[in-house]
Amino acid sequence: MRAPGTIPSTFSAPTDFTGAVRGFCTFLKGHGFTIGIAETLDALHIARSELLHTPDRFRTALRALLCISPDECRRFDVLFDTYWLGRSPDGDAPPAPRRRRQRPPATERAVPLLMALQQTAAPPEEDGKTTSGASTAHRLRQVDFARVPAPEQEQLEALAEQLFRRLHVRLSRREKAARRGRRIDLRRTIRRNLDRGGELVTLRYRRRQPDRPRLVALLDVSGSMDRYSYFLLRFLHALQQHFRRVDSFVFSTELTCITELLRQPTLPESLRQLAETPTPWSSGTRIGACLDAFVAHYGRRLLSRRTLVLILSDGLDTGDPALLAHALQAIRARCRRIIWLNPLMGMDGYAPLARGMQAALPYLDVFHPAHNLDSLLRLEQHLRHV
């Protein structure tokens, strides 16, 4: 185990720009700091700016970005000096290297690090493996669930799990952004002013989140949704922890409650129990009848002004459109907001011309695509402001 205060060898040379900044973020995480992907990317942005050429401002900007508690602020300077300047935790400079020593320790290799990076106008190009991995993840985030090549299916599932976990963390934060207030959000303020040389011209604020709302989710599992329902089910499982209560249903020709099944701690366990439960998978579609059944059997108990209703369907209803409109009108009168996610919106030239969608549109607050990972992640803005 590495002793506290020592520096991990996360970069191959002092001029490895990106590796050095990532290494510093990893170094802080190893000392208990709360740092994620977003903070690491912002730290890279700061290091690429002119702040890098002014060590005191560089230190101040990183402290404001990466510290979220008084304890972290108190410990930051020592850790900064240890990593970037090669100083030992007690503040003394490391001993001079011996002439015959072939491989200096990490603390000595770090001595010229900040100076070397200050002479680097732009970070060196990433190696092919890193660039390839980043571009693959970027492409998979945008690929339609129905068009994922079989060899990449497992990779997409792993990426989905990672991104949905980050989404849960962001949604679960106890504070949210605000236009004005008494509490300054240092991280967002730093990000907003990066293009101004670090001068804090525009302030950003934060306030406490209101009580979490309730969520009712209704997922279409009819035959026309086969290509999408699996990933949408993963998405619903990821939302379980954000809302005060989540009640989940699947429907095609009939409605089935799966609330308890999705409350399992892991998705594989939920999927296993779903496979053992008789549900109307891959059959026809009677959206209006199923929503009408939901109102009749669950509406009084589950719907209130604190309830968000999430419907995931392509809107290809074979039933009576008037029944669908009637059911949505009843739901809309009792809930806070209706969000309809439609995978077909990802198709070029799509227009909601199906009779079911035409009947539903007047009662929807949000009509949003749900055909790939990026479209699901963009839903965060609607889930935050309920």
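Reader: Take rings of Phe, Tyr and Trp (its six-membered ring) as paired if their centres lie within 6.5 Å, with planes under 30 degrees apart stacked, over 60 edge-to-face and the rest tilted. How many aromatic pairs does that rule count?
Author: The count is 13 aromatic pairs. Take Phe-80 and Trp-84: their ring centres are 6.3 Å apart and the planes stand at 40°, so this pair is tilted.

Reader: Where do Phe-80 and Trp-84 sit?
Author: Both are in helix 4 (residues 70-84), four residues apart, which puts about one helical turn between them. Helices (H or I, at least four residues) and strands (E, at least two) are DSSP runs, numbered from the N terminus.

Reader: What are the ground rules?
Author: The model is predicted, so local features need pLDDT of at least 70 and side-chain atom pairs pLDDT 80 or more, while totals for chains, interfaces and linings use all residues. Numbering starts from 1 along each chain as its sequence is written, and side-chain values use heavy atoms, without hydrogens or water.

Reader: Now the sheet. What's the strand order?
Author: 6-5-4-7-8-9, six strands in an open sheet with mixed pairing. Pairing takes at least two DSSP bridges between two strands. On average, neighbours are turned by 20° against each other, direction ignored.

Reader: Strand 4 and strand 7: parallel or antiparallel?
Author: Parallel, with six bridges joining strand 4 (residues 214-220) to strand 7 (residues 307-312).

Reader: Which strands does helix 10 touch?
Author: Helix 10 (residues 226-238) packs on the sheet against strand 4, strand 7 and strand 8 (337-342). Contact means heavy atoms within 4.5 Å. The helix direction makes about 170° with that of strand 4.

Reader: Switching topic. What lines the second largest pocket?
Author: 20 residues, with His-237, Ala-238, Pro-265, Thr-266 and Leu-267 nearest its centre. Helix 8 (153-171), helix 10, strand 5 (245-251) and helix 12 (267-275) each give two or more residues to the lining. Helix 8 has the largest share, four residues.

Reader: Which classes make up that lining?
Author: Nine nonpolar, six polar and five charged residues.

Key: Axes are lines fitted to C-alpha atoms, for helices over the stretch in contact, and angles run from 0 to 180 degrees between N-to-C directions. On a 1 Å grid over the protein atoms alone, a cavity is a set of points where a 1.4 Å probe fits but cannot get out, and a pocket is an open set with protein on both sides within 12 Å along at least five of seven lines; lining residues have an atom within 4 Å of a point. Ala, Val, Leu, Ile, Met, Phe, Trp, Tyr, Cys and Pro count as nonpolar, Asp, Glu, Lys and Arg as charged, and the others, Gly among them, as polar.
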